[in-house]
Amino acid sequence: MKKQSIVLAAAFAVALTVPAFAEGQVAPPRLTWSFAGPFGKYDEAQLQRGFKIYREVCSNCHSLNLLSFRNLADPGGLGYSEAQAAQVASEYKINDFDDSGQPTQRPGRPADHFPAPFANEAQAKAANGGTAPPDMSTLAKARTYARGFPLWVVDVFTQYQEQGPDYIAALLKGYKDPPPAGATVPQGGHYNEYFPGHNIAMPPPLASDGQVKYDDGTPETLDQYSKDVAAFLEWASEPHLMARKRIGFQVIIFLIVLSGLLYFTKKKVWSSVH
């Protein structure tokens, strides 16, 4: 009984400390995503639009080191064919070595990773005011916010795990210029409502409607841009989401069948015992 009391007290103390991590950070609005929940799946058209935004805007500063061009043709993702993925790869220049060992550049291949915009971290810092832009491969999983008690308990039962996309979409729309009254932003910084501390080094990457042209008639608005690129970064962080959900359902079905077999086997084996 004493041990249980200690555990409950510790859990309560942790619950009380969770909101402290969110101090100075405004919780982003919760959005609706096609990939949310156990039956959710990626929207191919949205991922393609988000990829277009990454190529035209984000890739100027942010790398995508963990993704290869061939991942664009993976099942459950952008819906590209292998030929389309190879075409995208060929539009990039990859640093390599020729047969004599001399540095050279060649068109990309499906097996190549997306090239980084900067040669190293020092160059990235020099080009961005002393702050190196983070890699975007796992950004949607790495960026989140504290939900606090009791919301994090509710999230366990509702299976809410889209904090990353919600945060990214809100961040892209959270710039305020000029800053609110009383807010101080240091030289080279920018006020963002949803960034912890509200001071972010990155200037607004999506500044206005119509900045990126869509080919499918989707509204070219800042709100749409933020959702599309956040969805793409979620896919980049978890490109095998659909396979994981499918395997999960298969395992559940297997366990249900196995439990039924074990139950009837038990009744058969012990049927003669009174």
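Over the ring of which residue does the charged end of R30 sit? The charged end of R30 sits over the ring of Y160, 3.8 Å from its centre. The model is predicted: local features need pLDDT of at least 70, side-chain atom pairs count only at pLDDT 80 or more, and totals for chains, interfaces and linings use all residues. Residues are numbered from 1 along each chain as its sequence is written, and side-chain values use heavy atoms, with hydrogens and water left out.

**Charges over rings**

- A charge sits over a ring if NZ of Lys or CZ of Arg is within 6 Å of the ring centre and within 35 degrees of the ring normal.
- R49 also places its charged end over a ring, that of Y214, at 5.7 Å from the centre.

**Aromatic pairs**

- Rings of Phe, Tyr and Trp (its six-membered ring) pair if their centres lie within 6.5 Å; planes under 30 degrees apart count as stacked, over 60 as edge-to-face and the rest as tilted.
- The count by this rule is 15 aromatic pairs.
- One of them is the tilted pair of F35 and Y42, with 5.4 Å centre to centre and 50° between the planes.
- F35 and Y42 are both buried (under 20% relative accessible area; exposed is over 50% and partly exposed in between, with a 1.4 Å probe and protein chains only).
- Y214 and Y225 form an edge-to-face pair, because their ring centres are 5.6 Å apart and their planes stand at 80°.
- Y214 lies in the loop between β4 (199-200) and α8 (222-237) and Y225 in helix α8, so this pair ties together parts that are 11 residues apart in sequence.
- Helices (H or I, at least four residues) and strands (E, at least two) are DSSP runs, numbered from the N terminus.
- Y214 is buried at 8% relative accessibility, and Y225 is buried at 0%.
- Ring pairs also link F51, Y54, F69, Y80, Y92, F114, F232 and W235 into a cluster.

**Strand pairing**

- Strands β1 (residues 93-97) and β2 (residues 103-107) run antiparallel and are joined by five bridges, where pairing requires at least two DSSP bridges between strands.
- F97 stands opposite P103 in β2.
- The hairpin of β1 and β2 has five residues between the strands, and G101 in this hairpin takes a positive phi near 85°.

- L262 is found in helix α9 (residues 241-269).
- L262 has a relative accessible area of 54% and therefore counts as exposed.
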